[in-house]
Amino acid sequence: MHDDHTTAPKTRALRLGVAGPVGTGKSSVIATICRHLRDEFALGVITNDIYTDEDARFLKSAGVLPEERIRAVETGSCPHTAIRDDVTMNLMAVEDLERDFAPLDIVLVESGGDNLTATFSPALVDAQLFVLDVAGGGDVARKGGPGISGADLLVINKIDLGPHVDVDVDRMVADAQKARDGRPVLPLSRKQADTVEKLCDWVREMHKTYAGGDHVPVDPGPMAPHHHAHDDGHTHRHD
Ligand SMILES: Nc1nc2c(ncn2[C@@H]2O[C@H](COP(=O)(O)OP(=O)(O)OP(=O)(O)O)[C@@H](O)[C@H]2O)c(=O)[nH]1
């Protein structure tokens, strides 16, 4: 038996968020999904950067989708503000993209690189991936936080680099699984085709569940209280 709001087949695109710390490979994960699934699904991408459209330019230059299907939101503020606290800019960008290229199957929304506390609001995305990488250290998965413990999929990226940074990938994956109460963990390297195929299978399955009206969005939870220091010396807090 389903909740009323999940029984109807979905007519708009699945909105899939990709969040995680700076440089873990969010753009690369999106590029990989686009390259492998663009013939199966009608795709669009929204990127979030603080001051630039760098991520959108990277994806456009990689040629993973027609350029006009990749749009940048320049948040001008902490990235998590625009994906969690006030999602208006992003929501408008997603809706514009869906209208201009209707019907889209999946819109990928890339968060600006932030820290371990940034997750998407369920008001913006239907499901979300959180991306860590082995180069950030094997102990990061143990540190927890809403993205690590509550995202629909936790990706441990760049596993090809494990031996070069002295990280035991199996141990890191086991630590992540412990933090996630049975939610899936995917070790990934864009250089290892079997891992890429598992990522694509997860996206396919999520789209199928969503389109059938059976997906229940989960909020990974609010971020922990923290503060930011700015160049001009002032700080601000998020509680
Ligand atoms: N060895 C290896 N490098 C990777 C892999 N995936 C991504 N990278 C590299 O990691 C670096 C960062 O990747 P991006 O995709 O730009 O990371 P990001 O999280 O989007 O970065 P920000 O948007 O700046 O937060 C790039 O130099 C990529 O080439 C991988 O599977 N293996």
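In this predicted model, the largest nonpolar core holds 60 residues, and Leu108, Leu154 and Ile156 touch the most other members. Leaving aside neighbours within four places in sequence, Leu108 is in contact with Leu16, Val18, Ile30, Ile33, Leu43 and Val45. In soluble globular proteins, nonpolar side chains tend to be buried together. Of the 239 residues of the chain, 45% count as buried.

The chain is built from seven helices and nine strands. Among contacts between residues at least 6 apart in sequence, 74% join residues at least 24 apart.

Helix 1 (residues 26–37) supplies three residues to the shell around the ligand, the largest share. That shell has 16 residues, and the closest to the ligand are Gly25, Lys26, Ser27, Ser28 and Gly113.

The axis of helix 1 also comes within 10 Å of the axis of helix 7 (residues 193–211), and the two cross at roughly 80°. Helix 1 is therefore roughly perpendicular to helix 7. On the helix 1 side the contact is made by Thr32, Ile33, His36 and Leu37, and on the helix 7 side by Val196, Leu199, Cys200 and Val203. Ile33 of helix 1 takes part in this contact and is also in contact with Leu108.

Technical notes: Residues are numbered from 1 along each chain as its sequence is written. This is a predicted model: local features need pLDDT of at least 70, side-chain atom pairs count only at pLDDT 80 or more; totals for chains, interfaces and linings use all residues. Helices (H or I, at least four residues) and strands (E, at least two) are DSSP runs, numbered from the N terminus. A residue is buried if 20 or more other C-beta atoms lie within 10 Å of its own, exposed if 12 or fewer, and partly exposed in between; C-beta atoms are placed from the backbone. Two residues are in contact if their C-beta atoms, placed from the backbone, lie within 7 Å. A residue is near a molecule or strand if its C-beta atom, placed from the backbone, lies within 6 Å of it. A nonpolar core is a set of buried Ala, Val, Leu, Ile, Met, Phe, Trp, Tyr and Cys residues joined through C-beta atoms within 7 Å. Axes are lines fitted to C-alpha atoms, for helices over the stretch in contact, and angles run from 0 to 180 degrees between N-to-C directions. Angles under 35 degrees count as roughly parallel, over 145 as roughly antiparallel, 65 to 115 as roughly perpendicular and the rest as oblique.
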